[in-house]
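Visitor: Hi, I'm new to this one. Could you walk me through it?
Guide: Happy to, let's bring it up.

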Amino acid sequence: MSELTVENITDVVLQQMSTTPNARQKEVLGVFVKHLHAAAKEVRLTPSEWLMGIDFLTKVGQKCTDTRQEFILLSDTMGLSALVHLMHDKTAVEHATTTSLLGPFFRENTPRYKAGEQIAKSVKGKEVVLYGRVSDAHGKPLANAEVTVWQTAENGLYDIQYQDDPDVRGIFTTDANGDYLIRTTAPVGYSIPMDGPVGDLVTSQGRHGMRPAHIHFLISSPDYRELVTALYIDGDAHIADDVVFGVAGELVVKIVDHDPACPIQGASSVRYDFSLSKASEADKMSGRVGADPAAITKAAAAAE
Ligand SMILES: [Fe+2]
């Protein structure tokens, strides 16, 4: 056996991992180890810094519950989630609406609503109508597409942060013309949860934890690539420095006070037309873009 050195250890590890039968796992973890070692060498990682990293990741894991996904927050604040979405958009077989972050607050447990129904239990402030069309990449309307929305309530929190009952989230279905119609309350810009290890990290970096006001969308139709995106409200102070890098220019919208074309009059409104790319064979083979993060902690608990 040759002696381990700083120079040869990466190759020795990769050699031992080369027996991995799953080709994709072998590729992903091989590259990961290569870059992890390179990073440790570049910064000359010390044992105490290595322990500090272990301590941090331990705290991130311990903070995760059915209603809190600290790892997604970590990925989001490091720009990894945004990077994954940017790369995912490039692999679409057709040009469609830009994606944005799923975030930690999507839940499968979402009530269904009829077109035009209000998803917020309390609307003391501005009522907002969201409407528009879901079409394919060539403008053909998609009837019966599922449009799932979720956003902050007027208190600036997602329902799962303060109660068990779903609120300000709903599933709608497009009509024969591909049109959707949703009534909600104006979303509120919010701070990501700062009372955990990721918040401590963000604070230690001199960053704020704010996200601009936005509404999440997950849109699906059979044979089309699932679209996970969000609309960001123009004029929010944090459009340009979102702590999780979710904003894209194409996704910034104005809340219009008097839109004569809006199907519901007397409320402010946002019109946005979404387009979906045909699903490629690879899309059909791969997992969902939008999946309930609570399933991860539930599966982990069940395995114990
Ligand atoms: Fe959000």
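This is a predicted model: local features need pLDDT of at least 70, side-chain atom pairs count only at pLDDT 80 or more; totals for chains, interfaces and linings use all residues.

Visitor: Thanks. Is Arg169 buried or exposed?
Guide: Arg169 is buried, with a relative accessible area of 2%. The cut-off for buried is under 20%, so that value falls on the buried side.

Visitor: What separation do the C-alpha atoms of Arg169 and Pro111 have?
Guide: Their C-alpha atoms are separated by 7.2 Å, although Arg169 and Pro111 are 58 residues apart along the chain.

Visitor: Let's zoom out. How many helices and strands are there in the protein chain?
Guide: The protein chain has eight helices and eleven strands. Its C-alpha atoms fill a box of roughly 75 × 40 × 40 Å, taken along the principal axes. Of the 304 residues, 44% are buried.

Visitor: And which domains does the assignment give?
Guide: The domain assignment gives domain 1 (9-45) and domain 2 (70-303). The C-alpha centres of domain 1 and domain 2 lie 35 Å apart.

Visitor: I also see a metal. Which residues coordinate the iron ion?
Guide: The iron ion is coordinated by Tyr158 and Tyr190 through their OH atoms, and by His214 and His216 through their NE2 atoms, at 2.0 to 2.2 Å. Along the sequence, the donor residues follow the spacing Y-x31-Y-x23-H-x1-H.

Visitor: Which parts does the pair Tyr190 and His214 tie together?
Guide: Tyr190 lies in strand β5 (residues 190-191) and His214 in strand β7 (residues 214-220), so this pair ties together parts that are 24 residues apart in sequence.

Visitor: Why is the arrangement around the iron ion irregular?
Guide: Because the four donor atoms subtend angles of 91 to 163 degrees around the iron ion. A tetrahedral label would need all angles between 85 and 135 degrees.

Visitor: Are Tyr190 and His214 buried or exposed?
Guide: Tyr190 counts as buried at 5% relative accessibility. His214 is buried too, with a relative accessible area of 1%.

Visitor: What classes of residue does the lining of the largest pocket have?
Guide: By class there are 24 nonpolar, ten polar and seven charged residues.

Visitor: And what about the second largest pocket, what volume does that have?
Guide: The second largest pocket has a volume of about 270 Å³. It is lined by 15 residues, with Arg225, Glu226, Asp283, Ser286 and Gly287 nearest its centre. That lining has four nonpolar, five polar and six charged residues.

Visitor: How many cavities of 30 Å³ or more are there?
Guide: The count comes to one cavity of 30 Å³ or more. About 40 Å³ of space lies in the largest cavity.

Visitor: Which residues line the largest cavity?
Guide: Among them are Leu73, Asp76, Phe105, Arg211 and Val244. Tyr190 is also one of the lining residues, and Tyr190 is a donor to the iron ion as well.

Visitor: What about Asp223, where does that lie?
Guide: Asp223 lies in the loop between β7 and β8 (227-233). Asp223 is not a glycine, yet it has a positive phi of about 75 degrees.

Technical notes: Residues are numbered from 1 along each chain as its sequence is written. Side-chain values use heavy atoms; hydrogens and water are left out. Ala, Val, Leu, Ile, Met, Phe, Trp, Tyr, Cys and Pro count as nonpolar, Asp, Glu, Lys and Arg as charged, and the others, Gly among them, as polar. On a 1 Å grid over the protein atoms alone, a cavity is a set of points where a 1.4 Å probe fits but cannot get out, and a pocket is an open set with protein on both sides within 12 Å along at least five of seven lines; lining residues have an atom within 4 Å of a point. Grid points are joined across faces, edges and corners, and a volume is the space filled by probe spheres set on the points. Donors are N, O and S atoms within 2.8 Å of the metal (3.2 Å for Na, K and Ca); water is not among the atoms, so sites may look incomplete. Four donors count as tetrahedral if all angles lie between 85 and 135 degrees; four count as square planar and six as octahedral if opposite donors are over 155 degrees apart and all others between 65 and 115; anything else is irregular. Helices (H or I, at least four residues) and strands (E, at least two) are DSSP runs, numbered from the N terminus. Buried means under 20% relative accessible area, exposed over 50%, partly exposed in between (1.4 Å probe, protein chains only). Domain bounds come from an automatic or database domain assignment.
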